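Please read them with the sequence and the coordinates open.

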Amino acid sequence: MGDFSRFSRRTVLGGLAATAGAAVLAGCGGTDAGPGGGSPDSGQLNVWGGVPAESGPDDLIAAFQKEHPGITVTYTRYVNDDSGNLKLDNSLQGGVPIDLFFSYGAGRISKRVNAGLTLDITDKVKETPELAPFAADASPQANYVFDGKIHTVPAALSPGFVLANADLLDDAGIEVPEDWDVNDYHEIATKLSRGNTHGSFVAPEYARMVLGPDMYYAEGGEASRIEDPAFRTGLELSLAMQNDNSTMPKQEILAQKLETFSQSAFLSGRFAMMATQAYMLRYVADTKEYPHDFTVRAFPLPAPIKGQEHWNAGAYGDLLSISQKSQQQDAAWTFFTFWLANAGTYMVKGGRLPSVVDPAKTDDILDSLLGEEKETLYDVDSFKPVLFDDTVKVPVDTIYTGATEIEQIVKKSTDQVLLGDMTVDQWVTDVKKQADAAIKKG
Amino acid sequence: MAVDTVTATAPPAAAPQPKRRNRRSRRTPTRVGWLFILPNVLGFVAFTLIPLIAGLGIAFTDWNVVSGLSGIDFVGLKNFQVLLTDTKFWESVLRTLFFAGITVPGTMILGVLLALALNRDVPGKIALRTIFFIPHIVSSIAVGMVWLLLLNPQSGVVNLGLGRLGVSDPPDWLVSQTWGLPSLVLISIWSGVGYCAIIYLAALQSMPPDLLEAAKLDGANAFQRFTTVIWPALMPTTTFLAVTMLISHSQGFGLIAFLTGGGPGDSTTVLSYYMYSEGFQFYRFGYAAAIGVMSFIGVLILTAILWRFQKGRGLYT
């Protein structure tokens with residue numbers, strides 16, 4: 001199961017806010033000029049990211065430029081889909097001036113690192129004590145490491161949690177046990193299923209919570225481990241919950257594209273619970289687009305096996321890197337550290353929890369995340385423990401061979417099982433065969 | 001004398017001049033012609049010819065586009081060898097043949113019937129022509145969105161209608177492995193019929209009326225007039241539509257990407273979507289280019305067969 005010691009993001013911030021200033025001073029002394037060098041306190045930076053500018057980046061950049069008037073920053077938003085990522089890759093490769101960029105997902109960043117598009121920031125991270133949890137040898141691992149080197153730092157950490165319609169829970173007189181497991185979840189979902197309302201959107205991500213990082217790979221990543229009983233158990237749980245109507249039928253999910261628009265179904269009361277991450281809260285706060293009259297409550301993810309430690313199904317995200325071709329790598333590092341230190345202030349309104357949290361500011365972050373109508377829309381007290389719980393263990397993958405293809409194979413085959421076109425046994429055999437082939441293809 | 005001599009010798013010296021002018025005057029229209037088509041030629045070269053040649057070249061490489069040009073590895077025929085034993089590839093070929101093989105004739109048959117109907121004195125025929133043509137000019141995403149709602153297994157109008165008609169277990173349409181591809185065929189036919197009808201209508205209206213009159217005078221009934229006069233007259237149009245639609249439907253992508261994403265399972269993964277997955281999702285551009293080359297060859301062969309088939313069958317050939 002890997003290392004169960006925890007990364008506490010609260011311990012990180014310490015003096016990170018001052019690191020940008022330190023970088024400036026170091027640059028002035030001319031001791032840390034990277035290949036692209038430049039000055040750490042002047043220049044024009046181009047930053048590419050997937051978050052709409054108005055959802056945080058604009059404010060963060062305005063604050064940065066106020067503090068560093070010598071550096072001008074232009075933010076370009078790319079859509080985080082296949083064509084958007086290809087556009088970023090071509091631009092990075094083709095010499096478009098990009099100094100910093102965000103990647104979303106281990107598969108994307110690993111391709112960029114392997115292609116030499118990212119600057120090796122191992123030493124820079126090492127020299128910044130506040131970034132110690134993101135160093136290559138940090139324990140527990142809180143960052144993606146490539147051959148012992150650091151090329152990125154996650155700016156967001158989004159733990160998974162269960163978001164529930166509190167009114168439905170209260171009406172049914174249901175108390176969620178603190179140490180609940182997936183069987184409790186199933187039982188509660190069954191009780192909440194009435195008429196057109198399902199207890200849950202889908203079943204909890206059983207295999208991820210049991211296996212944690214590199215869940216698809218056998219030791220060394222030379223083959224898959226789809227035959228692990230955790231996959232079968234998870235799939236059988238999904239099937240059982242669908243069969244007793246406690247989750248939405250897969251047909252309905254696919255026909256209405258609810259994998260992309262699950263917020264619409266949740267906020268219109270079509271199901272009562274879902275495992276999700278912080279981004280969902282911005283939809284809850286948007287009562288104009290998603291009008292609803294119930295409050296929502298947060299719970300920790302149910303354990304796969306009662307009483308046993310498990311992984312959280314959340315993720316590190318917003319992987320910030322400096323371009324290898326940047327001519328202003330010192331100024332880029334100044335911005336890099338500023339973003340990490342201040343994401344908690346400016347990026348939260350877009351539903352992104354920072355990887356670096358000032359313990360004194362958790363209430364502010366929560367206020368910003370829940371919005372102005374927090375007292376009527378949320379059971380506020382339930383959120384702080386799940387969003388800022390330092391004891392959760394979020395997995396960080398280390399093997400990426402054929403990862404995108406394997407995820408697609410698993411998704412498509414799981415759909416087939418839930419649509420009644422494949423048995424669980426066939427799923428295991430078929431997915432194993434295809435996943436091994438994908439690893440071989442690389 | 002001297003003047004006379006000069007005068008006498010002058011004409012031979014001047015004689016070539018008109019020839020040069022002729023050559024220049026012949027060249028000028030050619031140059032002007034080239035200038036007129038230059039923007040188009042430049043666009044063709046930049047966005048079709050060069051990518052086509054580059055695509056052919058990439059098919060013989062193992063290339064992850066993120067690595068740039070330095071990441072190109074020449075692998076010879078390896079991609080094609082792998083393709084030949086790739087069951088997903090052959091399954092997608094069969095699905096493409098099914099998709100194009102039903103959509104193209106289906107659209108054309110309904111198109112010609114619609115054109116024949118609209119060629120008569122139907123009240124409001126101008127408005128009807130516009131209405132039938134609208135699906136062709138509407139964005140495929142908008143078309144997809146409408147059909148997504150219509151074919152919803154639970155709340156879609158189609159299944160509600162079938163329920164009223166007593167069908168107890170109507171298909172799940174786009175979310176069914178069995179019905180996914182037929183649903184896409186249905187939608188593609190619907191959106192293409194208007195276009196076919198308008199092209200056929202233009203052909204019908206440019207047909208010499210004396211041919212039909214002669215056939216009538218000879219006592220041919222409506223069916224005989226269609227089979228012996230109208231259909232042969234429409235043959236060039238039919239060939240044009242068959243070729244262009246075969247090409248476009250063997251590359252059909254937008255609707256599939258939006259409506260099914262190649263699923264459920266791989267049940268709607270046609271060649272173009274398989275190529276997209278390999279290239280743009282898994283970044284195997286060499287392999288994707290090899291799929292593109294095979295697809296190109298396949299369409300070329302089918303087009304040649306069609307061309308050969310229609311030769312000598314038209315009224316004017």
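**Notes on the predicted model**

1. In this predicted model, the centres of domain 1 of chain B and domain 2 of chain B, taken over C-alpha atoms, are separated by 44 Å. The assignment, which is automatic or comes from a database, places domain 1 at 2–58 and domain 2 at 74–310.

2. On conventions, residues are numbered from 1 along each chain as its sequence is written, while chains are lettered from A and ligands numbered from 1 in the order in which they are written. Because the model is predicted, local features need pLDDT of at least 70 and side-chain atom pairs count only at pLDDT 80 or more, whereas totals for chains, interfaces and linings use all residues; side-chain values use heavy atoms, with hydrogens and water left out.

3. Chain B has 13 helices and 2 strands, these being DSSP runs numbered from the N terminus (helices H or I, at least four residues; strands E, at least two). Of its 317 residues, 39% are buried, where buried means under 20% relative accessible area, exposed over 50% and partly exposed in between, with a 1.4 Å probe and protein chains only. Among contacts (heavy atoms within 4.5 Å) in chain B between residues at least 6 apart in sequence, 66% join residues at least 24 apart.

4. Two packed helices are described by the angle between their axes and the distance between the axes. For helix α8 (residues 180–205) of chain B and helix α10 (residues 222–250) of chain B, the axes come within 10 Å and cross at roughly 145 degrees; axes here are lines fitted to C-alpha atoms over the stretch in contact, and angles run from 0 to 180 degrees between N-to-C directions. The residues that meet include Y195(B), I199(B) and Y200(B) from α8(B) and W231(B), F240(B) and M245(B) from α10(B). The residues of this contact divide into 12 nonpolar, 4 polar and no charged, counting Ala, Val, Leu, Ile, Met, Phe, Trp, Tyr, Cys and Pro as nonpolar, Asp, Glu, Lys and Arg as charged, and the others, Gly among them, as polar.

5. The largest nonpolar core has 63 residues, of which L100(A), I121(A), F335(A), F336(A) and W339(A) touch the most other members; such a core is a set of buried Ala, Val, Leu, Ile, Met, Phe, Trp, Tyr and Cys residues joined through side-chain atoms within 4.5 Å. Helix α13 (residues 329–346) of chain A gives the most to this core, with 9 residues. Apart from it lies another core, of 47 residues, with L418(A) and V431(A) among them.

6. S238(A), in helix α9 (residues 229–243) of chain A, counts as buried because its relative accessibility is 18%. Leaving aside neighbours within four places in sequence, S238(A) is in contact with A203(A), T247(A) and L418(A).

7. Most residues other than glycine have a negative phi, and most peptide bonds are trans. Which backbone features, then, deserve a check? A cis peptide bond joins S139(A) and P140(A), with omega about 0 degrees, and the bond from G263(B) to P264(B) is also cis, with omega near -5 degrees. Phi has a positive value near 70 degrees at N245(A) and near 60 degrees at Y283(B). N245(A) counts as partly exposed because its relative accessibility is 37%, whereas Y283(B), at 5%, counts as buried.
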